[in-house]
Each structure stands twice: as structure tokens, then as C-alpha cells.
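Thank you all for coming; I have one structure to go through this morning. Please have a look at the sequence and the model while I talk.

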Amino acid sequence: MECRADGTVRLVSWSPADGFHIDDDVERGPAAVARLEAEPGDDDDQPDLPYEIRCADGTPRAKVVPDTDDD
């Protein structure tokens with residue numbers, strides 16, 4: 001992740017935690033907000049983890065947001 005001079009964020013690369021993979025529809029930016037979703041491997045009991053990434057004081061900050069997917 002990188003913060004750009006105009007305050008936007010761009011996802012350059014990412015690596016999910018063990019047991020997760022990243023959904024194909026990554027919004028990598030540059031934009032005010034970049035998004036990606038970590039999905040559990042074969043565990044349907046574990047929720048997806050949607051993230052929003054923004055720049056704050058020149059540093060990328062990621063936070064989990066509510067899952068709005070209706071699957």
C-alpha cells in the first residue's frame with residue numbers, strides 16, 4: 001500500500017493471513033478508499049473480512065468494515 005502526494009491510496013501488493021485468500025474484485029486505486037476482501041479457505045463458518053484502506057497523515061490504514069455481500 002502506498003499513500004500518494006494527492007492523499008489517495010494505492011494497493012501495490014497484499015498477502016492474506018494463513019487460511020485466507022483475497023477475493024478477485026480488489027479495488028486497488030489510486031482512490032480516496034481502496035478495498036479488498038479476505039475470504040476463509042474452506043471454512044464456511046468463518047466470516048469474510050472486507051477491508052477499506054485510506055491514507056491518514058501519509059500512512060495507509062486498513063480497517064475491517066461490515067460485510068454488505070448478500071450471498
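Predicted model: local features only at pLDDT ≥ 70, side-chain atom pairs only at ≥ 80, totals over all residues.

Let me begin with contacts, meaning heavy atoms within 4.5 Å: in the protein chain, residues 24 or more positions apart account for 21% of the contacts with a separation of 6 or more. Residues are numbered from 1 along each chain as its sequence is written, and side-chain values use heavy atoms, with hydrogens and water left out.

As for secondary structure, the protein chain has zero helices and six strands, where helices (H or I, at least four residues) and strands (E, at least two) are DSSP runs numbered from the N terminus. The C-alpha trace spans about 40 × 25 × 20 Å along its principal axes.

How do the strands pair, given that pairing here requires DSSP to find at least two bridges between two strands? Strand β4, residues 34–40, and strand β5, residues 49–56, are antiparallel and share five bridges, and within that pair alanine 38 has leucine 49 of β5 as its bridge partner. On to β6, residues 59–64, which runs antiparallel to β5 and is joined to it by six bridges, with alanine 56 bridging to threonine 59 of β6.

Now the interior. Of the 71 residues, 24% count as buried, that is, under 20% relative accessible area with a 1.4 Å probe, protein chains only. Which residues make up the largest nonpolar core, a core being a set of buried Ala, Val, Leu, Ile, Met, Phe, Trp, Tyr and Cys residues joined through side-chain atoms within 4.5 Å? There are eight: Val9, Leu11, Phe20, Ile22, Ala34, Leu36, Ala38 and Ile53.

Phenylalanine 20 deserves a separate word: leaving aside neighbours within four places in sequence, its contacts are Ala38, Glu39, Pro40, Gly41, Gln46, Pro47 and Leu49.

Finally, the surface: the chain exposes about 5000 Å², with carbon and sulfur atoms supplying 43% of it, as computed by the Shrake-Rupley method with a 1.4 Å probe.

Definitions and conventions. Buried < 20%, exposed > 50% of the residue type's maximum accessible area, 1.4 Å probe, protein only. Pairing = 2+ DSSP bridges.
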